[in-house]
Amino acid sequence: MSAQLKALNLGVDNQKQPVVIEHEPPFASSSEYTSLEIGTVDEHNRNVFSRTLSKGRALEAWMDRKMGVERDAIQRVPEDQRKPPRLWNIMFLWFSMLFSPTLLSIGTLGPIFGLSVKDASIIMVFAAALGSIIPSFTAILSPHTGLRQIAVSRFAFGIWGAKVCGLLNIITNIGFAIVNCIIAGQLISAVSEDTVPIAAGIIIVAVLGFIISLFGFAVIHHWESVAWIWILVLLCVEWGQSARYFTPTPNLSMVTGIDNSGAALSFFATMFGTCAAWCSMAGDYYVHYPTKIDKRLVFGLTWIGLMVPSIVVGLLGVFYGGIIMSNEAMSNVYNEGGIGALMIATMRPSGWAKFAGVCYALSFLANLVGIFYSSSLSIQIWGKYWMAVPRFFWNLLLAAITLGAAWGGRYVLEEILNNFLALLGYWTISFGSILAIEHFYIRPKIGGYDLDGWQDPKKLPLGFAGLGTLVVSFGCSFIGMNQTWYAGPCAKLIGAYGGDVGDYFVLVITLVLYPVLRTLEVKYSGR
């Protein structure tokens, strides 16, 4: 590998003569980037680009050699090169990512929508259990293929369709990262008694998350295998300390009749979408497990790893929502300082509250690390030029975008939650359903997966069926969508405030349309 890097010369040889390479697959390994003709760009610009990119790759190689920073993560991992983590890491990975206060803010939406704490709690449990099924399934595809999650989607969406899915994955991940950074900033500000601004907390968490994400697969697995333990202890204490503020009327709903049904549907859609959204990156952390690993075991451990922390933290969030709606003093704390300030206000004594608040703020690192890592891979799936740029640059760019967006939206967290999270379920339901239909219905008919051709456009589907189904199903979701900025015609029929049924439209359209379109695609294209 080091010899290849010493020979790395992007665009010019030692005599500064351009070398033209013939047709390449959509992207290739870094060892294949020994030369690159940049079209008709003048010689000076070509040399500057080549030298800059060459230095970046050399820096990445040095970081790999000195610090173990993972290189070429987007490439398929053959069976003989895999270094599987411990089996239990499949579950502990998600424990670390989700045992954090993120879902507290989502859980509060149930009572805020007008639901009783009891009803919101029941909906929370079912939404978490059902939503976690989708990423648990998509995750089983990566050990079998040795490919990251978005790369696997090429076998259903084709080259260009997978690029679209990669973009959607980035948007989804950055949305979660923004929420994480804002809550972390609120916590640090509350711990400092407002002497440290929320923006400072956002910067601290975003920068630390970026640094850890640089190291890649092995370090992330080690980090995520233990990061959850202390936070789970803190959450258990938090349950006990905040109980004194729980609403004395957990069965009381602010809305009744069909209005209650509409609120229930909207809250279910938000929680379901939050859990399902991991389906576009779940398999990224399983590529080193053996090809013949029991798929049922992978599915089960992933499902438990996603569902348990979602329910534990989400239910606490529901009870926090009950506090906000029933306790005026605590409601004022929430309105002034957000969910972070409310958490600090429920803990005693103040020294313990500040210590726990700092720990909670740092707990977001596990989530941010995974988000930056997987999102950088989704950028590299766009093509050879994107892959030629070192992964650490994309991590830096993603962290900068997250920091800027969180900084700008630090006072409107609830609006971000209402306008963004429910949208996640629409495309992820279609994405996961398409991969399931492809795996169980299409691939057995055409001889399985041609793993050697995973980056060859001539061996992959055209993508019209997958991308067409994704677009049509998402378009149909607007019929049942119920957002603060838009309510579909069907959603408006469910109570005075509407009810979100967009998920069901997406699921039905995908299950009906994709098998038909994909069968026709195979018939006329042969792939």
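Is the crossing of helix 11 and helix 17 left-handed or right-handed? I noted it as right-handed, bearing in mind that I am reading a predicted model.

**Entry: helix 11 and helix 17.** For the geometry of this pair I found that helix 11, residues 198-213, packs against helix 17, residues 350-380, at an angle of about 50°, the two axes being 8 Å apart.

**Entry: helix 10 and helix 16.** I then turned to helix 10 (residues 154-191) and helix 16 (residues 328-346), which pack at an angle of about 50° with their axes 7 Å apart. That angle makes helix 10 oblique to helix 16, and I recorded the crossing of helix 10 and helix 16 as right-handed. Helix 10 contributes Ile183, Gln186, Leu187, Ala190 and Val191 to the contact, while helix 16 contributes Gly337, Gly338, Ile339, Gly340, Ala341, Met343 and Ile344. In the contact of helix 10 with helix 16 I have 8 nonpolar and 4 polar residues, and no charged ones.

**Entry: helix 13 and helix 15.** For helix 13, residues 228-242, and helix 15, residues 295-326, I read that the axes come within 11 Å and cross at roughly 25°. Helix 13 is therefore roughly parallel to helix 15, as angles under 35 degrees are counted that way. The crossing of helix 13 and helix 15 is left-handed. Leu235, Glu238, Trp239 and Ser242 of helix 13 meet a set in helix 15 made up of Val312, Val313, Leu315, Leu316, Phe319, Tyr320 and Ile323. The contact of helix 13 with helix 15 holds 9 nonpolar residues, 1 polar and 1 charged.

**Entry: serine 121.** Which residues does serine 121 touch, leaving aside those up to four places away in sequence? I found Leu315, Val318 and Phe319. Serine 121 itself lies in helix 6, residues 117-131, and I put it down as buried because its relative accessibility is 13%, with the cut-off at under 20%.

**Entry: glutamine 149.** I looked up glutamine 149 next and placed it in helix 9, residues 149-152. Its relative accessibility is 0%, so glutamine 149 counts as buried. A polar atom of the glutamine 149 side chain lies 2.9 Å from the backbone oxygen of threonine 138. Apart from residues up to four places away in sequence, glutamine 149 touches Thr138, Ala139, Ser142, Cys279, Ser280, Met281, Ala282, Gly283, Asp284 and Leu435.

**Entry: helix 3.** How many residues of helix 3 are buried? For this helix, which spans residues 89-98, I recorded 10 of its 10 residues as buried, and so the helix as mostly covered. Among the buried residues of helix 3 I noted Asn89, Trp94 and Ser96, as well as Met91 and Met97.

Note on methods:
Residues are numbered from 1 along each chain as its sequence is written. This is a predicted model: local features need pLDDT of at least 70, side-chain atom pairs count only at pLDDT 80 or more; totals for chains, interfaces and linings use all residues. Side-chain values use heavy atoms; hydrogens and water are left out. Axes are lines fitted to C-alpha atoms, for helices over the stretch in contact, and angles run from 0 to 180 degrees between N-to-C directions. Helices (H or I, at least four residues) and strands (E, at least two) are DSSP runs, numbered from the N terminus. A crossing is left-handed if the near helix is turned anticlockwise from the far one by less than a right angle, and right-handed if clockwise. Buried means under 20% relative accessible area, exposed over 50%, partly exposed in between (1.4 Å probe, protein chains only). Angles under 35 degrees count as roughly parallel, over 145 as roughly antiparallel, 65 to 115 as roughly perpendicular and the rest as oblique. Contact means heavy atoms within 4.5 Å. Ala, Val, Leu, Ile, Met, Phe, Trp, Tyr, Cys and Pro count as nonpolar, Asp, Glu, Lys and Arg as charged, and the others, Gly among them, as polar. A polar contact is a pair of N or O atoms within 3.5 Å; within protein, one must be able to donate a hydrogen and the other to accept it, and residues adjacent in sequence count only if both atoms are side-chain atoms.
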